[in-house]
Amino acid sequence: MNTSNTTSTSASTRSTAEWQAADAAHFLHPFTDFQALARKGSRVIAKADNLYLWDSEGHKLFDAMSGLWCVNVGYGQKSLVDAAARQMLELPFYNAFFQTTTPPAVELAELLAEVAPPGFQHVFFSGSGSEGNDTVVRMVRRYWELQGQPGRDVIISRWNAYHGSTMAGASLGGMKYMHAQGGLPIPGITHIDQPYWIEHGRGMDRADFGKLAASWLEQKILEVGPDKVAAFIGEPIQGAGGVIVPPETYWPEIQRICDQYGILLVSDEVICGFGRTGQWFGCQTVGSRPDLITFAKGVTSGYVPLGGVLVGERVAKALIEQGGEFEHGYTYSGHPVACAVALANIKLIREQGLVEHVRDDVGPYLAAKFEALRDHPLIGDTQTCGLMGAMLLAKAKTSAAGGPELFDPALEVGMVCRSHCFANGLVMRAVGDRMIIAPPLVITRAQVDELMGLIHRCLDLTVAELRTRGQF
Ligand SMILES: *Cc1c(COP(=O)(O)O)cnc(C)c1O
């Protein structure tokens with residue numbers, strides 16, 4: 001190995017081709033077909049500021065995905081960087097095992113209790129969202145053991161949910177292609193269909209469909225046996241599944257069913273937390289009262305890894321008052337540097353009023369722009385919630401079945417559109433034929449206009465390409 005230039009992290013020290021060759025030779029990327037990536041060469045992202053990225057060729061990109069749904073305060077926020085540097089000098093690491101603690105972890109736990117919905121006074125820290133959901137599985141089962149009901153261990157989740165990529169996270173998730181590798185899900189996890197009107201509710205009134213989709217939870221509880229069901233887990237708005245905003249009737253009905261059967265409700269807010277939906281937490285937007293809240297991503301705006309579980313009164317009381325050791329924890333539970341950055345991040349969100357900015361200003365502004373997008377010939381449907389948005393690329397606006405007429409999935413129209421986005425300086429994600437965005441919360445109206453300009457351009461280019469191919 002050539003050690004002379006392996007320590008440098010500056011993009012300018014090597015050519016793009018050299019970065020790509022070394023990348024293909026050594027780096028196994030997440031969720032990647034290694035051969036395909038090696039053939040094509042990875043895109044090297046070299047620096048970032050505010051909402052913008054620059055690749056190693058100097059091309060500027062508008063990052064409409066906040067990195068991976070996480071850079072809520074945008075890139076280049078010095079207060080987060082300073083907090084990390086200060087903490088690393090003061091105390092870069094100490095653990096929270098064996099009855100020790102560190103000031104940043106204590107302060108963050110305290111601050112989280114302040115910004116969390118009422119009733120959340122405790123937190124368990126992890127290093128990521130996936131680990132947070134592993135903790136959820138352990139904690140939910142521990143709770144029922146403490147209640148003298150150890151047989152109550154089944155967790156119900158939804159198809160096309162995303163809850164991470166560890167054994168428990170991927171099992172809770174409803175991505176069938178993930179289950180197909182490695183014998184998942186693990187025992188005790190079962191799934192119901194998602195509240196996606198286009199897939200399951202065409203021709204129905206959307207509000208009625210919301211209630212129907214929630215009733216699948218009750219059906220599943222009865223099928224498994226109410227005395228065996230421990231919890232239901234869901235993202236308030238599904239993120240990685242394609243920004244699927246359920247009908248307003250869905251979550252209240254889910255809540256009613258959880259209450260009726262006494263099962264725990266877990267809100268996976270790894271994306272929806274920390275302002276994304278225009279409230280501190282997504283459960284406040286959709287009107288649910290969870291017992292546990294998983295968080296990660298936005299808690300540090302992705303500057304360093306951190307995740308965890310906010311623990312509501314019912315579970316906290318059992319864990320604390322009924323006593324005994326909870327045999328679970330991570331080396332990095334409450335990592336002082338991560339906690340210091342999270343503190344700076346949450347303070348910044350507060351000082352800049354970013355939650356209100358999303359709720360009252362740019363959220364509604366984006367919603368209006370997305371609604372107007374429905375006039376574009378390629379758009380069959382749009383949905384937004386706060387600063388999450390989805391547009392469905394469709395062959396026609398109506399169909400005999402109700403709703404838009406979809407493209408043949410084999411055409412991979414979403415990928416066609418995504419290529420035009422990258423080529424035109426826009427990072428927008430494709431989930432099937434749903435094009436989705438989740439820009440940093442610091443976005444201004446002028447930047448929403450800029451984003452919409454880029455989106456229109458890319459949609460027009462996609463139409464032109466599909467017409468040349470005779471597919472539209
Ligand atoms: C990203 C994500 C996770 C997993 O978080 P990691 O930090 O990647 O482990 C879990 N749940 C949801 C809803 C997510 O979006």
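## Close-up views of a predicted model

**Figure 1. Around G262, in a loop of the predicted model.** G262 sits in the loop between α11 (250–261) and β8 (264–268), and the model shown here, like every view below, is predicted. Buried or exposed, or something in between: where does G262 fall? G262 is partly exposed, with a relative accessible area of 23%, because that value lies between the 20% under which a residue counts as buried and the 50% over which a residue counts as exposed. Which residues does G262 contact, once its neighbours within four places in sequence are set aside? They are W144, R152 and R314. For another landmark in this view, look for A230: the C-alpha atoms of G262 and A230 are separated by 8.6 Å, and the two residues are 32 residues apart along the chain.

**Figure 2. The whole protein chain, for orientation.** The C-alpha trace spans about 65 × 65 × 45 Å along its principal axes. Of the 472 residues, 54% count as buried. Among contacts between residues at least 6 apart in sequence, 70% join residues at least 24 apart. As for charge, the mean positions of the 39 positive and 49 negative charges are 3 Å apart.

**Figure 3. An open sheet of four strands.** Follow the strands here in the order β1-β2-β3-β13, and you will find mixed pairing. The edge strands are β1 (45–49) and β13 (426–427), each of which pairs on one side only. β1 and β2 (residues 52–55) pair in the antiparallel sense over four bridges, and in this pair I45 stands opposite D55 of β2. β2 also pairs with β3 (residues 60–63), in the antiparallel sense and over three bridges; here Y52 has F62 in β3 as its bridge partner. The hairpin of β2 and β3 has four residues between the strands, and G58 in this hairpin takes a positive phi near 85°. How do β3 and β13 run? They run parallel, joined by two bridges, and D63 stands opposite V427 in β13.

**Figure 4. N345, a buried residue in a helix.** N345 belongs to helix α14 (residues 336–351). Its relative accessible area is 0%, so N345 is buried. What surrounds N345, if we leave aside its neighbours within four places in sequence? N345 is in contact with V73, L80, G298, V299, T300 and S301.

Figure 5. N424 is found in the loop between α16 (413–423) and β13. With 18% relative accessibility, N424 counts as buried, because buried means under 20%. Not counting residues up to four places away in sequence, N424 touches L454, R457, C458 and L461.

**Figure 6. Backbone geometry worth a second look.** Most residues other than glycine have a negative phi, and most peptide bonds are trans.

- P185 lies in the loop between α8 (176–179) and β6 (189–192).
- *N160.* Although N160 is not a glycine, its phi is positive, at about 65°. N160 lies in the loop between β5 (154–158) and α7 (167–172). Its relative accessible area is 19%, and N160 is buried.
- *F274.* A positive phi of about 60° is found at F274, which is not a glycine either. F274 lies in the loop between β8 and α12 (282–286).

Terms used
Residues numbered from 1 in each chain as written. Predicted model: local features only at pLDDT ≥ 70, side-chain atom pairs only at ≥ 80, totals over all residues. Heavy atoms only, no water. Buried < 20%, exposed > 50% of the residue type's maximum accessible area, 1.4 Å probe, protein only. Contact = heavy atoms within 4.5 Å. Lys, Arg positive; Asp, Glu negative; His and termini not counted. Charge placed at Lys NZ, Arg CZ, Asp CG, Glu CD. Pairing = 2+ DSSP bridges.
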